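Please look at the sequence and the structure first.

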Amino acid sequence: MLTKQTTGQAWKQIKGSITDVKGFTTAGAHCGLKRKRLDIGAIFCDVPANAAGVFTLNQIQAAPLKVTKESLAHSSGKLQAVLVNSGNANACTGASGLVDAYEMRALAAAKFAVPEEAVAVTSTGVIGEKMPMEKVRSGIEDLVLSKESTPFAEAILTTDTGTKEVCVEVVIDQKTVRIAGVAKGSGMIHPNMATMLGFITTDANVEPAALKRALAKATDETFNRITVDGDTSTNDMVLVLASGLADNQPLDETHPEWANFYGALSACAESLAKKIAKDGEGATKLIEVQVTGAVSDEEAGKVAKAIVGSDLVKTAVYGKDGNWGRIICAIGYSGCTLDPDTIDIAIGPYETLVQSEPVVVDDTAISKYMEAETIVIKADLHQGQGVGKAWGCDLTYDYVRINAGYRT
């Protein structure tokens, strides 16, 4: 059970989903974008929700991202519905792709009786194929809102092996506040967003500008710290919607319990990020890299991402090979401030390098440790107080098999 004490209040992970947050319902349906699985879904809020988003840094961005950014800009940062499809990314589809994304927004607005600018549109799937709008139109019409979250969580998946959901509870102003999230992501995952979609709902009353800053910070510390294969996609986004129905006093950084709220939001994002990393295409293990002693938290994060993103490290983990030489190599090319003579490395409980001097290790014991589902790699640079984490997965034969036949 995930739990942490912040400023006298506790946040904790509970059993629940985005529909266990006051004001939110979801829907999922099958419209034929995928052969059998659900492939279109929606999130709806009973009231206009303060909203914020973060988006892929890939310069090639899919049409739905442009439409969603426009909605956020024209609605003063408020959304009431999110329409999502899987099976087709509507990316690199030219002018007609943008027309289709606008039509999807208009159809969802009519379906849920809200203004068009109150609707976000997101898509995930194959790049470069026109959206079969006759199927999409039928799918939107078939959407039925309910408090059951599973159909939506399933409708957004591509190569994922299962749904990814989390719910966190925290007390603010003596009011119970919930923050919940659902995500998809398995391949084309790399820091600075990745091919992933994340949707977070909360019933907290949060000032729009503060919500945007909080999401950006939480994303940088969580979603931007995961990698599967080094590819940053065209469609990635994380959206957060706050209904305000928990009836707490408006939250921003000056609120005495802001740290509690941010801690809960960050915990929700971290849990989803780790679920994505663990579910990397073909993966058998989650890798967590913990870096300490960097000159700053930012540099610690960069070092952690370099380690977890190394194909050689990832394959060593798959092979249960405690080859720490691959780890120090990644540290060296991270571009961060280092003293080559003061680095410590450990794989799980086993120190392999202390002050850059090799330690005699039991390779059999390390290999046994690496049979676990979660492998922790630690590095201490002894350069400052900076700390950071990153998450990834091993690289297996199945990754090649899955992506060699992605469209066929």
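This is a predicted model: local features need pLDDT of at least 70, side-chain atom pairs count only at pLDDT 80 or more; totals for chains, interfaces and linings use all residues.

Residues are numbered from 1 along each chain as its sequence is written, and side-chain values use heavy atoms, with hydrogens and water left out.

**Cysteines**

- A disulfide is a covalent bond between the sulfur atoms of two cysteines.
- The structure has zero disulfides, counted as pairs of cysteine sulfur atoms within 2.5 Å.
- For C45, the closest cysteine sulfur is that of C167, and at 15 Å it is too far for a bond.
- C45 is buried, at a relative accessible area of 0%; buried means under 20% relative accessible area (1.4 Å probe, protein chains only).
- C336 has its closest cysteine sulfur in C329, 14 Å away, which is too far for a bond.
- C336 is also buried, at 11% relative accessibility.

- Strands are DSSP runs (E, at least two residues), numbered from the N terminus.
- Strand 7 covers residues 164–172, and seven of its nine residues are buried, so the strand is largely enclosed by the rest of the structure.
- Strand 2 (residues 10–14) pairs with strand 7 in the antiparallel sense over four bridges; pairing requires at least two DSSP bridges between two strands.
- C167 in strand 7 stands opposite I14.
- Strand 8 (residues 175–184) runs antiparallel to strand 7, and nine bridges join them.
- E169 has R178 in strand 8 as its bridge partner.
- The hairpin of strand 7 and strand 8 has two residues between the strands, and D173 takes a positive phi near 55 degrees there.

Key:
Buried means under 20% relative accessible area, exposed over 50%, partly exposed in between (1.4 Å probe, protein chains only).
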